[in-house]
Amino acid sequence: MTKNTIILNRLFTQTVFFDMISASNNATYGTVIQRFVNNPEDKNNGTLISEVYRFMSKAYRNEYFYQNTLLNKLLLGKHSINTTTALTQVPIRRSKADFILINGKAVVYEIKTELDTLERLDT
């Protein structure tokens with residue numbers, strides 16, 4: 001993990017997207033686009049975000065990338081959005097469940113990426 005890529009951990013957050021909706025800009029978003037998108041001037045936000053996500057899929061698969069992949073493959077690909085609930089970052093005691101699917105039963109996913117250690121896995 002380099003200093004250059006750490007900012008990607010802050011991009012796909014509520015704060016950034018709320019800023020984009022309310023103020024039409026956000027410093028984190030602007031920095032990420034500058035660093036990871038070639039020739040961004042004539043591209044819309046959807047295209048810019050897609051290009052950043054494509055970069056992440058190849059070079060920086062953080063926890064958000066895996067949560068989104070689980071959502072797309074399991075909730076949208078296998079289950080129905082009408083009968084299944086997906087939750088992220090749910091507090092359980094002193095830990096957080098990274099991803100939970102509830103559809104008659106609850107399945108909890110603990111995401112460990114190549115960027116993580118197994119240090120806190122037992123808890």
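Two strands are taken to pair if DSSP finds at least two bridges between them. Helices (H or I, at least four residues) and strands (E, at least two) are DSSP runs, numbered from the N terminus. The model is predicted: local features need pLDDT of at least 70, side-chain atom pairs count only at pLDDT 80 or more, and totals for chains, interfaces and linings use all residues. Residues are numbered from 1 along each chain as its sequence is written, and side-chain values use heavy atoms, with hydrogens and water left out.

Strands S1 (residues 85–92) and S2 (residues 95–102) pair in the antiparallel sense, over 7 bridges. Thr-88 has Phe-99 in S2 as its bridge partner. The two strands form a hairpin with 2 residues between them. Arg-93 lies in this loop between S1 and S2. Its phi is positive, near 55°, in a residue other than glycine. Arg-93 counts as exposed because its relative accessibility is 85% (exposed means over 50%, buried under 20%, partly exposed in between; 1.4 Å probe, protein chains only).

Asn-39 also has a positive phi, about 50°, and is not a glycine. This residue is found in the loop between H4 and H5. At 59% relative accessibility, Asn-39 is exposed.

A nonpolar core is a set of buried Ala, Val, Leu, Ile, Met, Phe, Trp, Tyr and Cys residues joined through side-chain atoms within 4.5 Å. The largest has 16 residues; those touching the most other members include Leu-8, Tyr-29 and Met-56. Helices H2 (8–11), H3 (14–22), H4 (27–36) and H5 (45–59) each give two or more residues to this core. H4 gives the largest share, 4 residues. Another core, of 6 residues, lies apart from it and includes Leu-74, Phe-99, Leu-101 and Ile-111.
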